[in-house]
Amino acid sequence: MMKSWITSLNTSDNNSGVASETVKVLIIMGQSNIDGRNLLVDLPADITNPSSLVKLYNSGWQDWNSTKPPGTGRGDSSAYSSDIIATQRLATSLGETIYVVKVSQGGTHFYKDTNDINQIDADWNIASTGFYDLYPKLINSINNAENYIKASGKKMEVVGLWCDIFESDSIVSTKAQLNIDFKDFINAIRTRVGKPNLPIIHRAVSINQLGYVVQDIIDLQTEFATQGHPNYIENYNLIPSTDITMQVDNVHLDSASTEIIADRVLPILTNIYQN
């Protein structure tokens with residue numbers, strides 16, 4: 001089941017209570033490891049009972065609480081992912097309300113499927129337009145969020161894109177094709193939000209994670225982050241994961257590594273929001 005949200009920064013004046021005209025929005029997207037695959041009972045102590053500093057967009061703003069956290073793309077209360085931890089800690093650190101656009105679905109990739117007849121065939125390719133394809137859903141979520149913000153007399157500023165994806169591309173794509181498809185996606189999102197250098201946060205696929213992860217895919221992420229390389233992507237932030245540990249399925253991050261990834265993303269988010 002796919003669910004979409006928004007999380008952004010409320011820039012209201014703490015003294016006057018009057019909101020400024022810009023609402024900062026963070027986009028989060030990916031597959032199962034950002035969809036939520038850790039049990040809520042394992043949430044870190046400071047996250048178990050979060051305040052309303054993080055809000056979700058679902059036809060309006062919703063408070064984030066421990067019964068419906070913003071990292072569960074499945075739309076239930078059974079699991080969480082690293083973005084729950086990072087956004088809550090960001091909100092607490094900044095003392096601000098955080099607002100996010102999120103679309104996530106397990107097992108998805110950037111390679112274009114030719115047979116879009118069911119959810120299994122969903123992909124993020126910008127050329128895909130089927131009912132289950134996720135790029136148009138993400139764009140629709142961004143559009144809806146912007147319209148909602150505009151209706152309140154404010155304007156939206158997208159400040160970053162956090163993506164946790166590529167495992168499934170290791171199965172269906174090649175390094176050359178993924179280089180094309182991912183850059184097309186990033187360029188399309190940057191064009192849509194009007195920021196050619198929109199910060200990208202991307203967790204590295206771990207060689208320890210999946211038996212079928214090919215080194216070429218791991219190398220490609222490194223090239224994206226290497227200034228001067230032909231495949232370099234400006235403002236691309238690669239989150240290391242060579243030391244992460246997995247659940248027994250060897251597919252999903254365990255609770256300890258989920259928190260590790262969150263804490264590695266947090267300084268990048270902090271820099272984005274403070275600048």
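Modeller: A crossing is called right-handed if the near helix is turned clockwise from the far one by less than a right angle, and left-handed if the turn is anticlockwise. The model shown here is predicted. In it, helix 5 passes helix 6 in a crossing of the right-handed kind.

Biologist: Which residues of helix 5 and helix 6 make the contact?

Modeller: Helix 5 contributes Lys 175, Leu 178, Asn 179, Phe 182 and Lys 183, while helix 6 contributes Asp 216, Ile 217, Asp 219, Leu 220, Glu 223 and Phe 224. By class, the contact of helix 5 with helix 6 holds five nonpolar, one polar and five charged residues.

Biologist: What describes the geometry of two packed helices?

Modeller: The description rests on the angle between the two axes and on the distance between those axes. For helix 5 (residues 175–193) and helix 6 (residues 215–224), the angle is about 45° and the axes lie 10 Å apart. Angles from 65 to 115 degrees count as roughly perpendicular and those under 35 degrees as roughly parallel; helix 5 and helix 6 are therefore oblique to each other.

Biologist: Which residues of helix 6 are buried, and what do they pack against?

Modeller: The buried residues of helix 6 are Ile 217, Ile 218, Leu 220, Gln 221, Glu 223 and Phe 224. Their packing partners are helix 4 (169–172), helix 5, strand 7 (200–203) and strand 8 (236–239).

Biologist: At what angle do helix 2 and helix 7 pack?

Modeller: Helix 2 (residues 82–94) and helix 7 (residues 255–274) pack at about 45°, and their axes are 8 Å apart. This pair is therefore oblique as well. Helix 2 passes helix 7 in a right-handed crossing. From helix 2, the residues in contact are Ser 82, Ile 85, Ala 86, Arg 89, Leu 90 and Leu 94. They meet Thr 258, Glu 259, Ile 261, Ala 262, Asp 263, Leu 266, Leu 269, Thr 270, Tyr 273 and Gln 274 of helix 7. The contact of helix 2 with helix 7 has nine nonpolar, four polar and three charged residues.

Biologist: Is Leu 94 buried or partly exposed?

Modeller: A residue is buried under 20% relative accessible area and exposed over 50%, with partly exposed in between. Leu 94, in helix 2, has 22% relative accessibility and so counts as partly exposed. Leaving aside residues up to four places away in sequence, Leu 94 touches Tyr 273 and Gln 274. The C-alpha atoms of Leu 94 and Gln 274 are 8.6 Å apart, although 180 residues separate the two along the chain.

Biologist: Where do Val 25 and Tyr 57 lie?

Modeller: Val 25 is in strand 2 (residues 22–30) and is buried, because its relative accessible area is 0%. The C-alpha atom of Val 25 is 6.8 Å from that of Met 156, which is 131 residues away along the chain. Tyr 57 belongs to strand 3 (residues 55–57) and is buried at 11% relative accessibility.

Biologist: How many helices and strands does the protein have, and what share of its residues is buried?

Modeller: The protein has seven helices and eight strands, and 53% of its 275 residues are buried. Of the contacts with a separation of 6 or more, 72% join residues 24 or more positions apart. The accessible surface comes to about 11,300 Å², with 49% belonging to carbon and sulfur atoms.

Conventions:
Residues are numbered from 1 along each chain as its sequence is written. This is a predicted model: local features need pLDDT of at least 70, side-chain atom pairs count only at pLDDT 80 or more; totals for chains, interfaces and linings use all residues. Side-chain values use heavy atoms; hydrogens and water are left out. Axes are lines fitted to C-alpha atoms, for helices over the stretch in contact, and angles run from 0 to 180 degrees between N-to-C directions. Helices (H or I, at least four residues) and strands (E, at least two) are DSSP runs, numbered from the N terminus. Angles under 35 degrees count as roughly parallel, over 145 as roughly antiparallel, 65 to 115 as roughly perpendicular and the rest as oblique. Contact means heavy atoms within 4.5 Å. Ala, Val, Leu, Ile, Met, Phe, Trp, Tyr, Cys and Pro count as nonpolar, Asp, Glu, Lys and Arg as charged, and the others, Gly among them, as polar. Buried means under 20% relative accessible area, exposed over 50%, partly exposed in between (1.4 Å probe, protein chains only). Accessible areas come from the Shrake-Rupley method with a 1.4 Å probe; for residues, only the protein chains shown count as cover.
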